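Please keep the sequence and the model at hand while reading.

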Amino acid sequence: MTFLAPWAIWFLAGVPVIVMLYLLKLKRRPIMVSTLIFWERVMQENRQRALFQKLRNLFSLLLHLLIFLLIVAALAKPAFDRLVRDGASVVLIVDTRARMQAVENGTQTRFDRALAEARRYVREAGPGRQLALLSAGAAPNVIVPFTGDERALLTGLESLAVTDAGGDLEASIALADSLLASRKGDARVVVLTDSEKPESGKRKAEISFVSCGTVRDNVAITRFATRPLLASPQTSEVLLAIKNFGRAAVSGNVEISFDGKLLDVKPFTLEPGKERFDVFPSVPRTTRSARGWLTARLDVKDALRVDNTAYAVLPAPKSQRVLLVTKGNWFLEKLLAADQQTEFELIEPGAWQADFAAKFDAVILDNFIPPDFDLAESTGNFLFLKQSPFTTAEAPIAQPLVSESDANHPVMRLVNLQNVTIVRATPLKAPESADGWTWQSPLRSFEHPLLLTGSRRIPTGEQRVATLAFDVADSDLPLRIAFPLLMTNATRWLAGDSRETIAGVLAGEQVSLAPGATISTDALTSIEAQPDLAKTTTGFFQPLRDGFHLVTEQGATSWLAVNTFSEAESDLRGGDASAKTPPPFPVAALAGFSGWPLWQYLALAALVLFTIEWWLFHRRRTE
C-alpha cells in the first residue's frame, strides 16, 4: 500500500496531544455542602485521576486514537496500486460528441454516465497519481493539465458540455499519448465513450475504454439543403434525406417549416438500414427582409434528438442593375433581358455620362472607351469588350487559341472555352499594380491575355474591372453555352456577388470568414430568438451547436445554417454498457459496487466510531 497524499502523515504528530488531553487533570470548583456522605464516590474518582491512574480505562483512549488515525489515513488517501510508488499519470478523455446526447434509461444521457464515471477516477487523484482532463469533440481540447488537485479536476468536469458536432477519438488519444510522453512512472489513458474503439497504433500509455452506452435505435435527417433552380433562379428546390439506423421499421412524419410557419408535412416509412431521399420545390423568398429559415423536424421518439431537426437557408433574391453601352449588340441585349436577376438599361455611346457608373452595379462598355477615362480616378465596376484602356498599340492577334483557363476564378466558373473559334483579338497588357489594384489573367492565349480582371479596395467596398480582348461578334462564343455562363459570372463578379454565400456547414467545421466579416456565436433555433451581436467572432468560426447564425459582412447580413449530418454520430448500434473495462485503479475495482475509493470508507468508519463513542460517553461507558 502507498499513499497518494503523504503530507497528511504529519498529522500523526497530534497523537501525543490527544494522550495529553486524556491525561489532563480536571480542576474541580470548590462548593460548600452540608455533608460529604453523597460525595464519597466523587472524591474516590478524584483520587484515581493521578497521572498513572488515569490509564485505568484504556478503551476510551484507544477509541479516540483509532478515530484520529482513521481520519489521518483518509486524508493520506491510501492506494493498493504499487505503481504509484514511482508516480502515475492518467489522462481522462471525456467524449463530448453529438452521439453522447443519446438518452439511456429514461432521462440519463451517455454524457451524464461519462461524467459520473470520470468523477470516480478524479477521487483517486493525488500528488502520487496526477490526472489530466481532455475533451474529445470536434477537436481535442485540454481542459485541465496534469494535477493532483481533486477540486480543480471536478471544476473542469463541471465545465464540460456535450456538443452537436462529430469528431475523431483517435486525435484525442494521440494528444493524450503525447502529453504522457514526457511523464515518468506509470502512464495510462482512460477513454469515457460509448464503447467505440478506434484503431490505435503503438502507444506509450496503456489505453482503457469505459463504455457509457447501450445499443439504441435511431432515425436521423442526414441531408437538408436548398439550391436555386437553373430555369427559375427565384425558386429553389429542397433536398431531404432520412435514414433509419434502428433494428425495426419506423413510420412517422417530417414537418417542413418556413420562417416559423408550417409549410408541408411528409409521411415516411423506413425499413432497418434504409435511406429515403425527397426533392421538392419550395416557396420563393420574395423579399430580402424574410429570414429564409427552413426547418425540418421528425415526429418520432428515438434515443438521439439532435439529428431529428435540420436547418437550411432559402437563398435571398439577388438582382443587379446593369448598364449596357453599345451601338448595337443583339446577343448581349437578348442575354441580359433573359436574365431574371438582372435589371439592365441600354444607351448609345453618345449618351454616356461619367456619373452613370455610380448608379449601376456593373457597366458593360461594348467596343467603347469613355472620353478622358482615368482608371485611378474612376468609380464603378466596368466590363470592357474589345476596346479598353489596357489595349496596346500592337497588331491584332489573329485566330488566338485558348491555352490557359483558370477554372477557380469567379468569372471562369463552369466556363469551357477550349473549342471556341476567335477570329481576332486585341493585345492587352495589365497595368502596374498601383493605387491598390491587383490584376489577374484567368484566360490566356499563350503569352497574350484574353481576359483581364482587376480589383482594389475603396472606402465604399471594392471596385472591379474586367476586359475581354475580343468582340463577341468576332467569334462563335454567342452560339455556345459558355457565353451566358461567362457573361453571368462577369456581371455577378462585377456587382460584388461572385463569392458563393455559405448557407450551411456541419457542426464542428471550421469556417473561414471574409475580412471584416463577423458572425454571431449564439445558436438560434426559434423564430422568436434574437441574436446577441455583442458575442461575435472574426477570422475563423467553429460552430458547435445546430441552428442559425447571423453573418454580417460589409453592412449586409445573411444566415448560416449549422447541422450535425453525420452517420457516425447518428448510428447508435455500437454501444455496450455491459462490456465495461475494469477501472485501472485497484481501489476503484475494490469499491466498484459504490464507486467509492478507500479513503472515503476510512472517513465513513471514523464517523461511525465517533458516533459510537458519543453514545458510549453519554451512557457513562467511556471517559
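## Two crossing helices

In this predicted model, the axes of helix α7 (residues 330–338) and helix α8 (residues 482–494) come within 11 Å and cross at roughly 70 degrees. Because an angle from 65 to 115 degrees counts as roughly perpendicular, α7 is described as roughly perpendicular to α8. The crossing of α7 and α8 is right-handed.

On the side of α7, the contact is made by F331, L332 and L335, while α8 contributes F483, P484 and M487. Sorted by class, the contact of α7 with α8 has 6 nonpolar residues, with no polar and no charged residues.

Helix α8 lies across β17, β18, β19, β20, β25 (448–458) and β26 (461–468), and runs at about 150 degrees to β26.

These strands belong to an open sheet of 8 strands with mixed pairing, whose order is β18-β17-β19-β20-β26-β25-β24-β22. Its edge strands are β18 (342–347) and β22 (404–405), each of which pairs on one side only. Strand β22 runs antiparallel to strand β24 (residues 438–445), to which 2 bridges join it; in that pairing, the bridge partner of S405 is L443 in β24.

## Loops that leave this sheet

N367 lies in the loop between β19 (362–366) and β20 (382–385), and its phi is near 55 degrees, a positive value in a residue other than glycine. With a relative accessibility of 35%, N367 counts as partly exposed.

Is S388 buried or exposed? S388 lies in the loop between β20 and β21 (397–398), and with a relative accessible area of 4% it is buried, because buried means under 20% relative accessible area. When its neighbours within four places in sequence are left aside, S388 is in contact with I369, L428 and T467.

## The five-stranded sheet

A further open sheet, of 5 strands, has the order β7-β6-β3-β8-β9, again with mixed pairing. The edge strands here are β7 (140–147) and β9 (206–211), each pairing on one side only. On average, and with direction ignored, neighbouring strands of this sheet are turned by 20 degrees against each other.

Strand β6 (residues 129–136) and β7 run antiparallel and are joined by 5 bridges, and S135 has N141 of β7 as its bridge partner. Helix α4 (residues 110–122) packs on the sheet, where it touches β3 (88–95), β6, β8 (186–193) and β9, and its direction makes about 170 degrees with that of β3.

V191 is buried, with a relative accessible area of 0%. Apart from neighbours within four places in sequence, V191 is in contact with I93, L169, I173, I207, S208, F209 and V210. The C-alpha atoms of V191 and S172, which are 19 residues apart along the chain, are separated by 9.3 Å.

## Strand β11 and its partners

How many residues of strand β11 are buried? Strand β11 (residues 236–244) is mostly covered, with 8 of its 9 residues buried. Strand β10 (residues 219–228) runs antiparallel to β11 and is joined to it by 9 bridges, A225 having L239 of β11 as its bridge partner.

Strand β11 also pairs with strand β14 (residues 275–281) in the antiparallel sense over 7 bridges, and there the bridge partner of L240 is D278 in β14. In general, strands of a sheet pair through backbone hydrogen bonds, either parallel or antiparallel.

## A further loop and the chain as a whole

D259 has its place in the loop between β12 (250–258) and β13 (261–270). Its phi is near 55 degrees, a positive value in a residue other than glycine.

The secondary structure of the chain comes to 11 helices and 33 strands, and of its 623 residues, 48% count as buried. Among contacts in the chain between residues at least 6 apart in sequence, 69% join residues at least 24 apart.

Technical notes
Residues numbered from 1 in each chain as written. Predicted model: local features only at pLDDT ≥ 70, side-chain atom pairs only at ≥ 80, totals over all residues. Heavy atoms only, no water. Pairing = 2+ DSSP bridges. Helix = DSSP H or I, 4+ residues; strand = E, 2+ residues; numbered from the N terminus. Axes fitted to C-alpha atoms, helices over the stretch in contact; angles between N-to-C directions. Contact = heavy atoms within 4.5 Å. Parallel < 35°, antiparallel > 145°, perpendicular 65-115°, else oblique. Left-handed = near helix turned anticlockwise from the far one by under 90°. Nonpolar A, V, L, I, M, F, W, Y, C, P; charged D, E, K, R; others polar. Buried < 20%, exposed > 50% of the residue type's maximum accessible area, 1.4 Å probe, protein only.
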